[in-house]
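Subject: Structure handover

Hi,

Here is the structure I promised to pass on to you. Have a look at it first, and then read on for what turned up.

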Amino acid sequence: MKWNIGNVTIPNQVVVAPMAGVTNSAFRIICKEYGVGLVVCEMISDRGIMYKNKKTLDMMFVDPREHPMSIQIFGGTKETLVQAAKFVDQNTAADIIDINMGCPVNKVVKTDAGARWLLDPKKVYEMVSYVTDAVKKPVTVKMRTGWDEDHIYAVENALAAERAGASALAMHGRTRKQMYEGHADWGILKQVAQEIHIPFMGNGDVRTPQDAKKMLTEVGTDAVMMGRAVEGNPWILKQTQHYLETGELLAEPTPEEKVVTAKEHLHRLVELKGDYIGSHEFRGQAGYYLKGIPHSARTKVALTNASGESAMDDIFDEFLEKKEQRKARQHRIAQ
């Protein structure tokens with residue numbers, strides 16, 4: 001089902017969450033190829049943009065195949081955040097600007113950014129209003145339910161963002177204190193869904209197509225945002241979209257399909273960032289692709305220690321060759 005963020009049409013209700021070190025252009029393209037409606041860039045520092053840091057500017061590369069896509073920024077002062085938003089608005093191919101007010105890590109929070117905003121709905125309103133007034137592209141906000149169990153201002157913060165001009169809102173059902181532990185509180189997400197009038201994306205503990213369906217029907221969100229479940233598993237996006245449309249569950253990918261996509265991810269990372277950086281960054285994803293495949297433990301170790309794209313390719317090829325040999329041996333025994 002199509003829906004809109006401002007003047008941007010999103011073709012379906014499945015969204016990939018921004019994930020630091022993961023949702024770069026290489027990964028976002030793969031997610032698009034597996035049918036996701038919207039992808040969001042990993043969060044980018046307002047100060048990195050303001051000081052024209054080369055690594056920061058490189059992070060904002062957008063491939064034409066990614067649209068619609070969003071670039072997420074974070075910052076602690078209205079001056080720097082507005083400058084960053086203006087840069088994204090005027091100098092990038094992003095369709096949407098997303099403001100991070102949910103990142104729980106200390107190095108972000110101690111700069112009065114990310115989840116620190118969750119303690120003050122007035123600051124939410126102020127910061128979002130300054131940004132929406134300064135740019136032409138639609139602005140969205142991603143937040144958490146609260147700071148901790150004693151400071152949950154989910155509805156107040158959501159309404160503040162809406163009043164300030166946000167075109168859509170995403171909320172992770174955990175507090176800052178929870179980090180990524182425990183369970184997401186979908187009850188709080190439901191309260192927010194009942195109060196706001198802008199499109200609402202629910203996030204947290206959406207691991208299966210059935211979870212996505214429950215988020216939409218039981219919580220009442222307009223879209224579902226998937227994060228860690230997509231790492232090394234972009235097939236979940238196609239499976240989820242198909243299930244939402246038809247109620248039918250698609251088959252799991254074969255080990256061969258997983259390896260082919262993993263290699264494609266590796267190649268695109270190298271193309272994007274160069275052989276050394278691309279191959280080293282891929283190490284963090286390799287294990288996710290091989291998760292659940294029998295006899296893959298040695299392959300995971302080898303990939304972790306491999307240096308360079310060609311070395312990783314050779315390890316994947318060796319893994320598939322050995323798998324074929326095992327299948328042939330089992331076939332002979334069966335005869």
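Let me begin at the start of helix H8, where a side-chain oxygen of Asp185 comes to within 2.9 Å of the backbone nitrogen of Gly187. Helices (H or I, at least four residues) and strands (E, at least two) are DSSP runs, numbered from the N terminus.

Please keep in mind that this is a predicted model, in which local features need pLDDT of at least 70 and side-chain atom pairs count only at pLDDT 80 or more, while totals for chains, interfaces and linings use all residues. Residues are numbered from 1 along each chain as its sequence is written, and side-chain values use heavy atoms, with hydrogens and water left out.

Helix H8

H8 covers residues 186–195, and Trp186, Ile188, Leu189, Val192 and Ala193 are buried in it. Buried here means under 20% relative accessible area, exposed over 50%, and partly exposed in between (1.4 Å probe, protein chains only). These residues of H8 span an arc of only 155 degrees around the axis, so they are on the same side of the helix; the arc is taken from the directions from the helix axis to the C-beta atoms. As a reminder, an α-helix has 3.6 residues a turn, so residues three or four places apart point the same way. The cover over the buried residues of H8 includes strand E8 (139–146), helix H7 (154–163), strand E9 (168–175), strand E10 (200–203) and helix H9 (209–219). Contact, wherever I use it, means heavy atoms within 4.5 Å.

Aromatic rings

How many aromatic pairs does the structure hold? There are three. Rings of Phe, Tyr and Trp (its six-membered ring) pair if their centres lie within 6.5 Å; planes under 30 degrees apart count as stacked, over 60 as edge-to-face and the rest as tilted. One of the pairs is Trp235 with Tyr289, which is edge-to-face because the planes stand at 90 degrees, with the ring centres 6.1 Å apart. Trp235 belongs to helix H10 (residues 235–246) and Tyr289 to helix H12 (residues 275–290), so this pair ties together parts that are 54 residues apart in sequence. Both partners are buried: Trp235 has a relative accessible area of 8%, and Tyr289 has 0%. Tyr289 also forms a stacked pair with Phe282, at 6.2 Å centre to centre and 25 degrees between the planes. Phe282 is buried as well, at 0% relative accessibility. Through ring pairs, Tyr34, Trp235, Phe282 and Tyr289 are linked into a cluster.

Thr261 is buried, with a relative accessible area of 9%.

Elsewhere, the charged end of Arg144 sits over the ring of Tyr180, 4.9 Å from its centre. The rule for this asks for NZ of Lys or CZ of Arg within 6 Å of the ring centre and within 35 degrees of the ring normal.

Cysteines

A disulfide is a pair of cysteine sulfur atoms within 2.5 Å, and by this rule the count is zero. For Cys31, the nearest cysteine sulfur is that of Cys41, 12 Å away. Cys31 is buried at 1% relative accessibility, and Cys41 is buried at 0%.

Two loop residues

Pro18 is in the loop between strand E3 (14–16) and helix H1 (25–33), and is buried at 16% relative accessible area. Not counting residues up to four places away in sequence, Pro18 touches Thr23, Val40, Cys41, Glu42, Gln72, Lys142 and Met225.

Gly102 is in the loop between strand E7 (96–101) and helix H5 (106–109). Gly102 is buried at 9% relative accessibility. With the same exclusion of sequence neighbours up to four places away, Gly102 touches Gly114, Ala115, Lys142, Met143 and Arg144. The C-alpha atoms of Gly102 and Gly114 are 4.9 Å apart, although the two are 12 residues apart in sequence.

Conventions: Polar contact = N/O pair within 3.5 Å; in protein donor to acceptor, adjacent residues only side chain to side chain.
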